[in-house]
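Me: I am new to this structure and would like to go through some of its contacts step by step. Could you take my questions one at a time?

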Amino acid sequence: MALSYRPVTKRLLSVANLRHAVNVTTSALTGPAASSTVERLLDAAAGAFADRGFHATTTRDIASRAGLSPAGVYVHFDSKESLLYALSRRGHEAALSLVRGAATGPGTPTERVARVMSGFATWHAEHYEVARVVQYEFPHLLPEHRDDVLTLRKTIDQAVRELLVEGQAAGEFEVVDVHDTTLALMSLCIDVARWYSPGVRRTPSGIGRTYASLGLRLLGTHA
């Protein structure tokens, strides 16, 4: 399903952190012009991968979207896979920050689960291109990069599992299997990236409210 490209509106991983996330040349990270070019390449890669998939996308496609020559990509990233890895790191680190902040913040377990579900679902709508790439192009990462991203995924899941255990102990949730329930809750939100596009009638915030309600119903409670 082809979607029109919409640049990601929030910086989810700083250029400084990208120095450690991927094999980016030092010269690519010196000065605002270089930083801007890296961001343009990442946004272009997100749109291209979301539209066409990793294998069907060429570095020429990415360069064209970013307004660069094909050789310009390699000034900043050593491969197409490096771009995919940077996007995967960017998306997972943003998701981890969002989920962990909501899960460990103030309020009852019920209130915090509602915030987790609302925020996570909303993020997958607002950043559907990056989210789609993060989730569905994961198998195309190099093994060491898959392991790194998988560690972030497990950390996200762990934050939610700990919250469910807390709510279960407090008598707020009716949960038979915490692991499976965590998977179900997270899967609901992640799936938003599969079907969402700016043309749908639902707004990201409206989706967030709906999914918060669905999550609480799955736990046998309500806000």
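Me: Which residue does R194 meet in a salt bridge?
Reply: This is a predicted model, in which local features need pLDDT of at least 70 and side-chain atom pairs count only at pLDDT 80 or more, while totals for chains, interfaces and linings use all residues. Residues are numbered from 1 along each chain as its sequence is written, and side-chain values use heavy atoms, with hydrogens and water left out. A salt bridge requires a side-chain nitrogen of Lys or Arg within 4 Å of a carboxyl oxygen of Asp or Glu. At 2.6 Å from N to O, the side chain of R194 meets that of D191.

Me: Is R194 buried or exposed, or in between?
Reply: Buried means under 20% relative accessible area and exposed over 50%, with partly exposed in between, using a 1.4 Å probe and protein chains only. Because the relative accessible area of R194 is 44%, R194 counts as partly exposed.

Me: Which residues are linked with R90 in a network of salt bridges?
Reply: The side chain of R90 meets that of D43 at 3.8 Å, N to O. R90 has 1% relative accessibility, so R90 counts as buried, and D43, at 16%, therefore counts as buried. The network that includes R90 is made up with E39 and D43.

Me: How far apart are the closest N and O atoms of D51 and R65?
Reply: R65 is partly exposed because its relative accessibility is 36%. In the salt bridge of D51 with R65, the closest N and O atoms are apart by 2.8 Å.
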